[in-house]
Amino acid sequence: MPSFCFCFAMFRLDPDTFKKVHPAEYHRRFLANGVRPDGRSSLGSFRTAHVLSGAVTTAHGSALARLGSTTALCGVKAEVAVPNAQTPAHGFVVANVDFPALCNPAFRAGAPAEFAQSVSEAVADVARRCVDLESLCIEPDRAVWVLHADIVFLNYEGGAIDAALLALLAALKNTRLPTKTVYSKTDGVVRASAGKTVSLALTRFPVSSTFGVVEAAAQFDGGVGSKGVGVVVMADPTEEEDAVVASKVTVVVDSGSGELMGTFGGAMGVNVLEDCIDSAQTRAKEVYSVIEAAEKAAEKAKIN
């Protein structure tokens with residue numbers, strides 16, 4: 001009976017194909033060398049923040065924010081509303097985040113998915129705490145300003161809360177309301193002055209930073225807070241890097257005072273979380289300086 005010999009030729013996969021076939025292994029090989037696929041030189045580095053203030057001229061305030069390739073547009077529209085009976089001299093800030101199908105193939109048209117709802121809830125919670133709601137009062141018990149902050153993602157590659165809050169804060173700093181608003185008790189009409197406007201009274205300046213916990217092998221280089229056996233923390237993970245992320249936490253810091261405003265996401269060890277907070281506080285100041293520079297550029301453009 002004749003014998004047969006089968007020989008299999010060795011072949012190599014190009015990087016793009018390897019990433020699609022073995023996404024987790026693709027990113028693990030980068031992590032093993034302490035670098036990132038998008039060119040960042042360390043696990044603790046963040047994507048560069050870019051802001052364009054006043055991007056939408058029809059809104060009372062707006063901003064376009066970008067973290068790497070993740071891009072979000074926020075427009076703020078002010079309307080007059082009746083206050084709550086429990087807080088008759090407080091206005092409202094209503095934030096909503098939308099992930100349309102055009103921003104990423106993972107999203108579908110229709111009702112918002114659980115991910116979009118969770119991001120909206122986190123952003124709305126922070127938004128209500130960064131504006132002086134009493135400054136939005138026109139006439140107690142009668143009329144207040146309600147600020148509708150609509151955030152739409154134009155492109156999404158990770159960092160949802162970070163990009164959304166960046167766009168929101170920049171848009172709120174860009175928002176202008178009429179300097180004088182008068183409520184008429186005779187006809188119940190609010191009349192606003194034309195021309196002159198005033199900026200919002202912001203009480204806090206929230207900037208968020210997201211960190212991913214990687215269940216890493218011993219040879220992985222330490223990230224932001226690599227404390228504990230087999231744990232590495234990756235700053236600002238992209239959507240693709242989520243393939244190797246076991247859990248994520250988003251740290252929200254007041255960039256003015258450095259105060260911790262809250263955290264969102266999974267559980268994390270105390271020592272690692274402390275490192276993340278320290279890193280978030282440092283980054284918050286850097287990001288806020290980008291927002292201020294963008295607002296100054298927008299004001300200069302109006303003058304010219």
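# Contacts, cores and salt bridges

User: Which residues does F153 touch?

Analyst: Leaving aside residues up to four places away in sequence, F153 touches T70, T71, A72, V97, D98, F99, P100, L102, C103, A160, A163 and A164. Please keep in mind that this is a predicted model.

User: Where does F153 stand in the largest nonpolar core?

Analyst: F153 is among the residues with the most contacts inside that core, together with F99, V123, I151, L168 and F211. The core has 69 residues, and its largest share, 12 residues, comes from helix 4. Apart from this core lies another one of seven residues, including L31, L43, M234 and V244.

User: How do you know that the length of helix 4 agrees with what a helix should span?

Analyst: Helix 4 runs over residues 160-174, which is 15 residues. The expected span is 1.5 Å times one less than the number of residues, so helix 4 should span 21 Å. Its end C-alpha atoms are 21 Å apart, and therefore the two values agree.

User: What makes helix 4 "mostly covered"?

Analyst: The count for helix 4 is 15 buried residues out of 15. A residue is called buried when its relative accessible area is under 20%.

User: Why is the contact between R176 and E295 called a salt bridge?

Analyst: The cut-off is 4 Å between a side-chain nitrogen of Lys or Arg and a carboxyl oxygen of Asp or Glu. For R176 and E295 the N to O distance is 3.1 Å, so the pair qualifies. R176 is in strand 7 and E295 in helix 5, 119 residues apart.

User: Are R176 and E295 buried or exposed, and how do you know?

Analyst: R176 has a relative accessible area of 19%, so it counts as buried. E295, at 7%, is therefore buried too.

User: What makes R129 and D125 "partly exposed"?

Analyst: Partly exposed covers the range between the buried limit of 20% and the exposed limit of 50%. R129 has 28% relative accessibility, so it falls in that range, and D125, at 28%, does so as well. Their side chains meet in a salt bridge at 3.0 Å, N to O.

User: Why can the pair of E241 and R36 be said to tie together parts of the chain?

Analyst: E241 lies in the loop between strand 12 and strand 13, and R36 in the loop between helix 2 and strand 1, so the pair joins parts that are 205 residues apart in sequence. The salt bridge is 2.8 Å, N to O, and both residues are buried. Through shared partners, salt bridges join R36, D38, R40, R47, D236 and E241 into one network.

Conventions. Residues are numbered from 1 along each chain as its sequence is written. This is a predicted model: local features need pLDDT of at least 70, side-chain atom pairs count only at pLDDT 80 or more; totals for chains, interfaces and linings use all residues. Side-chain values use heavy atoms; hydrogens and water are left out. Helices (H or I, at least four residues) and strands (E, at least two) are DSSP runs, numbered from the N terminus. Buried means under 20% relative accessible area, exposed over 50%, partly exposed in between (1.4 Å probe, protein chains only). A nonpolar core is a set of buried Ala, Val, Leu, Ile, Met, Phe, Trp, Tyr and Cys residues joined through side-chain atoms within 4.5 Å. Contact means heavy atoms within 4.5 Å.
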